[in-house]
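I opened a new notebook page for this chain. My plan is to go through it one residue or pair at a time.

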Amino acid sequence: MSVNYRVRPTGMISYTAGRVGQYDIWLFHVQSGNRVQLTNGLADSFSKPIWSGDNRKIAFVGKNRIVYVIDLSTGRIAAIDQIAPNEDITLDWAPNHRMLAYTTRNHIMMYDVLTHRATSISEPGASDAQWFPSGRELLFQGVDSSGNQQLFRIETNGSKRRQITNNTEGPLNEVSLSPDGTFVLYTTPGASISLIRTVDVTSGEVYEIQGGEQAKNYDPTWSPNSQLIAFSATAYKEGTGYYNQIRVVGKRGYNERILTTSSCFATPVTWSQDSQSIAYLSGCSEQEFATEMWLIAIQNPNPIILTKEPQIVNLSWSSGNVRPTKGVYTNETYRVRFQYPSHWQQIDTERYEGADGFFQISAIGGGDDIHEVCRGEAFHQLMPYGSSPRIFQTRIRGQEACLIYPSSDQPPEMNRQAAAIVRYPTPVQIEGSTYNYFILWADDAHLNSIARTITFI
């Protein structure tokens, strides 16, 4: 579904969606409406995708509180650490786009995703670690000598630890440093009563955000230009119950206004790169699960629905346009999963196409000799691969396989179609018939890169 704005927002929204027990990280292309699945069963209901500043990687805390990093250019997913139960799961990318900050085991961790090496600062009870724009300092929440939660800044080598706040209100939740590093926001004291505060990092002056009448203000999020905060304020209407208002406000609490409403008790919000649009969740049922993603421009507040899913729990807008990425294709009928260029669009359940290539899948019965099966496909009487196709015997995920490449006299209408045939670990039943082999057709430029990612499920 495309977005009908006079000036359309750009970029992609990464979001966590699925159903109870099965969550994944997805991408939604704002202009085209294309959706791409990035993971398969790795996320959880608390997972929040965090973009690196160059839009090449996404980090998230997934199942079993494992920290994952997705390389969008290759589709590869790396597990880099595990955060213990009851520990903070805040992740933040450094300005150099390669260091990831988080807290665990009484340390502030700084993990380099290129060298796979980590440095750390011992800081008992620390949470909410985030980078200042210089890349030389970190913000974090810790405990002062009186036992109160405070915000601190510290050099990445562990020196020059300085207290920013003089808080006596209670716990600081949802701590977030503004993109320009001049202000910090947080909510306090808890979930039933949640008030938003902002702090000038230099002076320590605290500003109060008025918020909603119920004093239930959640998910405050900085605009990329650091001037505005969007948040969800829970409201109540007699006869219909709880809903929430999507509000925006200046960083010092001025000019607060309601943009629109959502049917959920609360919703996360995320900003477009130009600080002009906000995406949020709605479509909550009695179970309070959001099923819809919406978008609204702050200067033209006419909400537009982007996508519907069984359940959506979090979302995050990229800071710019995203280079072509790898999507995850899964087909339960053919019991197969593999990666493909995410900009290709679905034609039907078995075929995807793009300007630069395509894939299509099926299954073959065949006998026990894979060589005969491959020759039968390659030298079909209709000559779909030309008069002298090349066959390469190989193995994929330990299974016997072959790759078939066309000869130069292949009919032009075949669009350089090539094929990969892989023996199933165990034969599959599809609509009452038994099949021993999986077959992938793709253009010859993409066949090998797609086939090498095939796994059977």
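This is a predicted model: local features need pLDDT of at least 70, side-chain atom pairs count only at pLDDT 80 or more; totals for chains, interfaces and linings use all residues.

Residues are numbered from 1 along each chain as its sequence is written, and side-chain values use heavy atoms, with hydrogens and water left out.

Entry: Thr16. I found Thr16 in strand 1 (residues 12-19). Strands (E, at least two residues) and helices (H or I, at least four) are DSSP runs, numbered from the N terminus. Thr16 is buried, with a relative accessible area of 0%. Buried means under 20%, exposed over 50%, partly exposed in between (1.4 Å probe, protein chains only). Neighbours within four places in sequence aside, I listed its contacts (heavy atoms within 4.5 Å). Among them are Tyr23, Ala43, Lys48, Gln311 and Val313.

Entry: I checked the peptide bond from Thr188 to Pro189, and it is cis, with omega near 0 degrees. Pro189 belongs to strand 17 (residues 183-189). Next I looked at Asp219, a non-glycine residue with a positive phi, near 55 degrees. Asp219 sits in strand 20 (residues 217-222) and is partly exposed at 25%. Glu431 is not a glycine either, yet its phi is positive, about 50 degrees. I placed Glu431 in the loop between strand 35 (417-430) and strand 36 (433-443). Glu431 is exposed, at 82%.

Entry: salt bridges. My rule was a side-chain nitrogen of Lys or Arg within 4 Å of a carboxyl oxygen of Asp or Glu. How many salt bridges does this rule give? The count is 14.

I looked up Arg423 and Glu400, whose side chains meet at 2.8 Å, N to O. Arg423 is in strand 35 and Glu400 in strand 34 (residues 399-405), so the pair ties together parts 23 residues apart in sequence. Arg423 is buried at 17%, whereas Glu400 is partly exposed at 28%.

Glu353 and Arg351 form another salt bridge, at 2.6 Å. Last, I noted a network of salt bridges linking Glu137, Arg153 and Arg162.
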